Amino acid sequence: LWKAEGAPEPESSLNPFVDVPAGSWFEKAVLWAVEQGITSGTDACHFSPGLLCNRATVATFLWSAAGKPETAGENPFTDVPAGSWYEMPVRWAKEQGITSGISDTEFGAAAVCNRAQVVTFLWRAAGCPKPTIRNNPFMDVKETDFYYSAVLWALENGITNGISATEF
């Protein structure tokens, strides 16, 4: 996925979104993701960067980034309707070990993903690589947290920073 440092530039510099300011910290990432077919705007002129992402949307972004692969597995989640726009992405994410749902039978599609959850989904999609960072700079990320390795991996790879030098 696109990351802030060392990432390829979007092939097109045309920005159709009135709510994605030229030169903003997220402009290149948005244009790249749209260009790659990972996402689109909420309409032809708006990207809506302030909208919160739910679990279904994050699974769909990752599925799209993987090339929208078909999956043969069954849907284990009672809250993921057959034929819904997120059914295939959620089934794929479950098969890939990116998510296990919020329970054995519920995915929690509408639940908002926080930073730790999104970073964990990205880390799992990358194959759960072990970070090499030994000094955790974040006081709010403990070694016992499910997202500990994911956060350090994301920091190490320039995918995200904390909200401050000591807070994730």
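**Close-up 1. Helix 4 and helix 5 sit roughly perpendicular to each other in this predicted model.** Their axes come within 8 Å and cross at roughly 80°, and because angles of 65 to 115 degrees count as roughly perpendicular, this pair falls in that class. On the helix 4 side, the residues that meet helix 5 are V119, T120, L122 and W123. Their partners in helix 5 are S149, A150, V151, W153 and A154.

Close-up 2. As a reminder for reading the view, an α-helix has 3.6 residues a turn, so residues three or four places apart point the same way. Now look at the start of helix 4: a side-chain oxygen of N114 reaches to within 3.1 Å of the backbone nitrogen of A116. Past the other end, helix 4 is followed by G127, and the phi of G127 is positive, near 95°.

**Close-up 3. Helix 2 packs against helix 3.** Helix 2 covers residues 55–65, and its axis and that of helix 3 are 8 Å apart, at an angle of about 80°. That angle is why helix 2 and helix 3 are described as roughly perpendicular to each other. From helix 2, the residues at the meeting point are A59, T60, L62 and W63.

**Close-up 4. T99 is a buried loop residue between helix 3 and helix 4.** The loop in question runs between helix 3 (87–95) and helix 4 (115–125). T99 has 6% relative accessibility, and because buried means under 20%, T99 counts as buried. Follow its side chain and you'll find a polar contact of 3.0 Å with the side chain of R55. The T99 side chain also reaches the backbone nitrogen of G101, again at 3.0 Å. Leaving aside residues up to four places away in sequence, T99 touches R55, A93, K94, F107, F121 and R124.

**Close-up 5. Two arginines lie over phenylalanine faces: R55 over F107 and R115 over F168.** R55, the polar partner of T99, lies over the face of F107, at 4.5 Å from the ring centre. T99 touches both R55 and F107, so keep the previous view in mind here. For R115, the distance to the ring centre of F168 is 4.4 Å.

**Close-up 6. W25 and F26 form an edge-to-face aromatic pair.** A search of the whole structure turns up six aromatic pairs. One of them joins W25 and F26, at 5.2 Å centre to centre with 80° between the planes. So how do the two residues compare for burial? W25 counts as exposed, because its relative accessibility is 78%, while F26 is buried, with a relative accessible area of 16%. You'll find W25 in the segment before helix 1 (27–35). For a sense of scale, W25 and T42 are 17 residues apart in sequence and 20 Å apart in space, C-alpha to C-alpha.

Note on methods:
Residues are numbered from 1 along each chain as its sequence is written. This is a predicted model: local features need pLDDT of at least 70, side-chain atom pairs count only at pLDDT 80 or more; totals for chains, interfaces and linings use all residues. Side-chain values use heavy atoms; hydrogens and water are left out. Helices (H or I, at least four residues) and strands (E, at least two) are DSSP runs, numbered from the N terminus. Buried means under 20% relative accessible area, exposed over 50%, partly exposed in between (1.4 Å probe, protein chains only). A polar contact is a pair of N or O atoms within 3.5 Å; within protein, one must be able to donate a hydrogen and the other to accept it, and residues adjacent in sequence count only if both atoms are side-chain atoms. Contact means heavy atoms within 4.5 Å. Rings of Phe, Tyr and Trp (its six-membered ring) pair if their centres lie within 6.5 Å; planes under 30 degrees apart count as stacked, over 60 as edge-to-face and the rest as tilted. A charge sits over a ring if NZ of Lys or CZ of Arg is within 6 Å of the ring centre and within 35 degrees of the ring normal. Axes are lines fitted to C-alpha atoms, for helices over the stretch in contact, and angles run from 0 to 180 degrees between N-to-C directions. Angles under 35 degrees count as roughly parallel, over 145 as roughly antiparallel, 65 to 115 as roughly perpendicular and the rest as oblique.
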